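Dear colleague,

I am handing over the structure we talked about, and you will find the sequence and the coordinates just below.

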Amino acid sequence: MSRLGNLGARLYRGEVGYDFVAKRRIWYGVSILITITAIVGLAVRGLNMGIEFKGGAVFTTPKVEVSVSQAQEIAEEASGHQAIVQELGTGGMRIQVSELDTAQADQVQTELAEELGVERDSVNAELVGPSWGEQIANKAWTGLGVFMILVVIYLAIAFEWRMAVAALIALIHDITITVGVYALVGFEVTPGTVIGLLTILGYSLYDTVVVFDSLKESSKDITKQTRWTYGEIANRSINSTLVRSINTTVVALLPVAGLLFIGGGVLGAGMLNDISLSLFVGLAAGAYSSIFIATPLVADLKEREPQIKALRKRVLAKRAAAAAKGEPRPGDQSPDADGELLDPAPAAAVVGPRGRGRGRPTGRR
Amino acid sequence: MAAPNRGRKPTGAQGRPGRSLVLILIALVALTGGMFWSGQLTPRLGIDLAGGTTITLEAKNQPGAPNAINETNMNTAVGIIERRVNGLGVSEAEVQTQGDRNIIVNIPKGTDSQQARKQVGTTAQLYFRPVLAVAPGGPAGEEPAPSPSASASGEPEDGASASPDTATEGTPESGAPSAEPTASPTTQGRAVTEGLKAPAASPSASASEEPKPSESPEPSASASTDPADDQASADLQKRFTELDCTDDAVRGTLGDGVKPGDTTIACGTNSAGQWEKYILGPAEVDGRDVDDAQGELDQQRGLWKVTMEFTEEGAKKFSTITSRLSQQQPPMNQFAIVLDGEVVSAPQVNQTLSANAEITGDFTQESAQDLGNILSYGALPLSFEEASVTTVTAALGGEQLRAGLIAGAIGLALVVLYLVVYYRGLAFIAILSLLVSAAMTYTIMALLGPGIGFALNLPAVCGAIVAIGITADSFIVYFERIRDEIREGRTLRPAVERAWPRARRTILVSDFVSFLAAAVLFIVTVGKVQGFAFTLGLTTLLDVVVVFFFTKPLMTLLARRPFFSGGHPWSGLDPQRLGAKPPLRRGRRVSVPTDPKEA
């Protein structure tokens, strides 16, 4: 732990750190590649929609004596439709029959119970009409749309529009990746998956917002100094909140992992499993995007601003001059994570006045 | 929690951490007390955890009525479905709208789900049928005893075979309405009197209006010639004889598969609340023919009555049936108003009636208004389709509950473990805060059960588990801030206060986003997603409460303890481990003004 603690301290002081912003093109590339793969996977393989979206029935039986293939035969015979049978951790069976109308399902349930040698009333049944899934999906899309609009508005007010745009891109990125993973791996999409997916919205942004918050604070007086470019400040923000980002992701993933373990291991399939699976994938994507995509994107957008461009010029010019004089480049040290550029902390106190002295006049031009 | 504001001076709990702690303690005690007071010690469980059946109905668009799916119609439908479900003797069944076009029916375990589904899903089932025979509702002996009151003459057996003649031949007498003025007191206690007199429609015209049974056996005109029909009629007679209206299960299945054109048997209660059984002819008027109906007080006589208005077509049909029935002997001069297979009223007809009619008898205000509602809305105002039906056995429900709890326990244990390893002594504060948060969530959930009908379902459990992460994250944000301040070389107490305003802002902003997601989900989505969104939103709110009123004050208090302020290696705040700046520099910084200059 002490090592980890030290790492935290060194990250904090900028003694170590990864230059996320400078290497952003690599990560953009990686993300574009993943996104393209996801989209291709979606286009080619499509999503494996569950019964809830297609209409049909899912029967869950208590422990039965027959094998999976036997159960499948029985189910297909009873229903006259294709059946998918999974064995559950409890020894029971999960039998999915697609295209079964809710009225027929009753009869099929009775027959199934008889053939499998279990009580009719001990069979759990989920019967879904064909239009239900469509309704859920429509609502989910509406929810997604409304949420995105609200969040963009909120972030634009609380931070600025550039951050809102970057957050939105990161959000779309996360969802695309999650959906792509579902298409490529062929996981079944159920309402549980949709719940998970929609939760990712909140989580992905949650993470991003923390980094943005730190960035906003550090870049507050950015034009009044000439030591750092916006990109560098952004990078420091990522690094200084890195420990928190990692901790948050771990802490968020741990309960989800518990759910996944229990949902998948004990119950075999169902709501718990579906929610936790999509959460797991989405959370991982969300943590990645808030660090590698969202903040570098903000830096990119910001660097287009004339003020920030000018700052960059000044900073680079100053560094060139310093290099010519043989002075150590101030870039070797870093600003406080809190971004209190004029903070009285010793490191800043040493260089601060100098930076201020030279930076201000230009800043006020 | 709008735009994050820079709070420079730590405010709030700094000076009086004890007060906040006491406040939250009071809140906790109040919540727990409320929980015990309401007697609801556990959150109400949803169908998927307790077992039972959930039926989701989706209103279908009807051609020609684009705006039919509106709040009024949905609420009316809920009321009717509720009555139907409760008619099954189901206690605690829940019928509620969800979204703008769905009705959710939750039926707890122990109810025949198939029967319930039939009751719930079906739509238009209000019919006016001629009464062929009446008998007391109990299981009869060999021969059904004629209803003592209603049938002055005519054996039910006769009625069964004879009256369908009149129904199907479509030759109601077109005789002048008999001018008998009012109700004849029967045990049914109801009689139709004339509202507005209208000339009877010609027999032939009205005959064509009558629903023509297509393939149903007609124990009718051909009864004497066709042995098959004879058989059917005898079967019906036999069933009638055996029918026991006092048996709920029998009644529930009675109306199954009966077509409007069939001659059938049915049950109903008379005004004294006793069951009676009927043989009924083919339906001649249905619920759609009734334009409007209501229970009103007859000012002149001081009696409650039900007035009906028919549609144009309905009026024709109704005058046909009444003109015919008024010529019959009791009990065949009655028509039965049959709702969902059950006779809700069986008034006698004394004259031909038309567009407006009223039913009088010993109604109470309630029964008159009820009948009025049934007549006007008896058919659901909308047609519904079963969007999904989920039946969960109590066994699976229990298993899912257990699995959810185990998953929660594992998740919580892992988080606690991680916190202890990473934050050491600070984890104590985090764990206590998590516990407070958990206790508040639990009690509020338990209280919301009776309060707003909140039921804990599996997605809600998932939401609560996922929320562990969100709640723990707030502590992480704060702790990391404190550690950053210590790395700056500050001692703990100022570090705790300086870290707070910034951590607070971050927590508010991120919790706001999370809450926004939950709120949008809750408002826009349907079904299980709502349960999830609700818990997520609730826990996010509680997270803010706990961090503000518990974690921060506790931190302030504990920062005074030597264990933490001294930077004990196990406190999680050991400056050396955190890599704080060397004391040499710290000494130097004393000369620097400590108040940060923030331009």
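In this predicted model, B:Arg424 sits in the loop between helix 11 (394–423) and helix 12 of chain B.

On confidence, the predictor gives the complex an ipTM of 0.76 and a pTM of 0.66. Chain B averages a pLDDT of 70, and 68% of its residues score at least 70. Within chain B, helix 12 (residues 425–452) has the highest confidence, at 87, whereas helix 6 (residues 203–209) has the lowest, at a mean of 31. The pLDDT is below 50 over residues 1–14 of chain B, a stretch with 23 contacts in the model beyond near neighbours in sequence, and it is also below 50 over residues 141–225 of chain B, where 194 such contacts are found. Where pLDDT is low, the predicted coordinates should not be read in detail.

Turning to the make-up of the chains, chain B contains 18 helices and 15 strands, and 54% of its 599 residues are buried. Of the contacts in chain B with a separation of 6 or more, 77% are between residues 24 or more positions apart. Chain A, for its part, has 13 helices and six strands, and 55% of its 365 residues count as buried. Among the contacts in chain A between residues at least 6 apart in sequence, 75% join residues at least 24 apart.

Helix 13 of chain B (residues 458–487) deserves a look of its own. With 30 residues, helix 13 reaches 44 Å from its first C-alpha to its last, close to the 44 Å expected at 1.5 Å a residue, although it bends by about 25° at B:Ala467. The helix is mostly covered, with 30 of its 30 residues buried, and just after it B:Gly489 takes a positive phi of about 100°.

In chain A, strand 4 (residues 93–98) is the element to follow, since five of its six residues are buried and it is therefore largely enclosed by the rest of the structure. Strand 4 pairs in the antiparallel sense with strand 2 (residues 56–60) of chain A over five bridges, and here A:Phe59 has A:Ile95 as its bridge partner. Strand 3 (residues 83–87) of chain A also runs antiparallel to strand 4 and is joined to it by five bridges, with A:Glu87 partnered by A:Met93.

Finally, the largest nonpolar core has 200 residues, and those with the most contacts inside it are A:Ala57, A:Leu112 and B:Val105. Leaving aside neighbours within four places in sequence, A:Ala57 is in contact with several residues, including A:Ile51, A:Val97, A:Leu100 and A:Val108. Another core, of 45 residues, lies apart from the largest one, and among its members are B:Val290, B:Met308, B:Phe335 and B:Ile337.

With best wishes

Notes
Residues numbered from 1 in each chain as written. Chains lettered and ligands numbered in written order. Predicted model: local features only at pLDDT ≥ 70, side-chain atom pairs only at ≥ 80, totals over all residues. Buried ≥ 20, exposed ≤ 12 C-beta atoms within 10 Å, placed from the backbone. Helix = DSSP H or I, 4+ residues; strand = E, 2+ residues; numbered from the N terminus. Pairing = 2+ DSSP bridges. Core = buried A, V, L, I, M, F, W, Y, C linked by C-beta atoms within 7 Å. Contact = placed C-beta atoms within 7 Å. Expected span 1.5 Å × (residues − 1). Bend = angle between axes of the 7 residues up to and from the residue. pLDDT = per-residue confidence, 0-100.
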